[in-house]
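Please look over the structure shown here.

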Amino acid sequence: MIKDIHEVKECPECASRNIIHNDKKQQVICRDCGMIFEPLSEEDEEKFEKAAGIDKE
Ligand SMILES: [Zn+2]
């Protein structure tokens, strides 16, 4: 799962670097395979981080 769209440097699906960061929608769009990737919502992210205890990155 994506936490920050700007951490994505290449398409997780096809490894293409031909990707677009959409800041408004918080999406990463691959121009080669057309896949759209979205990060966790802030709420979900908080729950996830609390459940994990610490930020492992
Ligand atoms: Zn792709």
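The report below covers the chain as a whole and then the metal site.

## Model and fold

This is a predicted model. The protein chain holds one helix and three strands. Read from the N terminus, the order is β-β-β-α.

The chain has 57 residues, and 21% of them count as buried. Its accessible surface is about 4600 Å². Carbon and sulfur atoms make up 47% of that surface. Take the contacts with a separation of 6 or more: 24% of them join residues 24 or more positions apart.

## Zinc site

Four cysteines coordinate the zinc ion: Cys11, Cys14, Cys30 and Cys33. Along the chain, the donors are spaced C-x2-C-x15-C-x2-C.

Cys14 and Cys33 link distant parts of the chain, 19 residues apart. Cys14 lies in the segment before strand 1 (19–22). Cys33 sits in the loop between strand 2 (27–30) and strand 3 (36–37).

## Geometry

The donor atoms subtend angles of 103 to 119° around the zinc ion. Four donors count as tetrahedral if all angles lie between 85 and 135 degrees. The arrangement is therefore tetrahedral.

Cys14 has a relative accessible area of 36%, so Cys14 is partly exposed. Cys33 is also at 36%, and therefore counts as partly exposed.

Methods
Residues are numbered from 1 along each chain as its sequence is written. This is a predicted model: local features need pLDDT of at least 70, side-chain atom pairs count only at pLDDT 80 or more; totals for chains, interfaces and linings use all residues. Side-chain values use heavy atoms; hydrogens and water are left out. Donors are N, O and S atoms within 2.8 Å of the metal (3.2 Å for Na, K and Ca); water is not among the atoms, so sites may look incomplete. Four donors count as tetrahedral if all angles lie between 85 and 135 degrees; four count as square planar and six as octahedral if opposite donors are over 155 degrees apart and all others between 65 and 115; anything else is irregular. Helices (H or I, at least four residues) and strands (E, at least two) are DSSP runs, numbered from the N terminus. Buried means under 20% relative accessible area, exposed over 50%, partly exposed in between (1.4 Å probe, protein chains only). Contact means heavy atoms within 4.5 Å. Accessible areas come from the Shrake-Rupley method with a 1.4 Å probe; for residues, only the protein chains shown count as cover.
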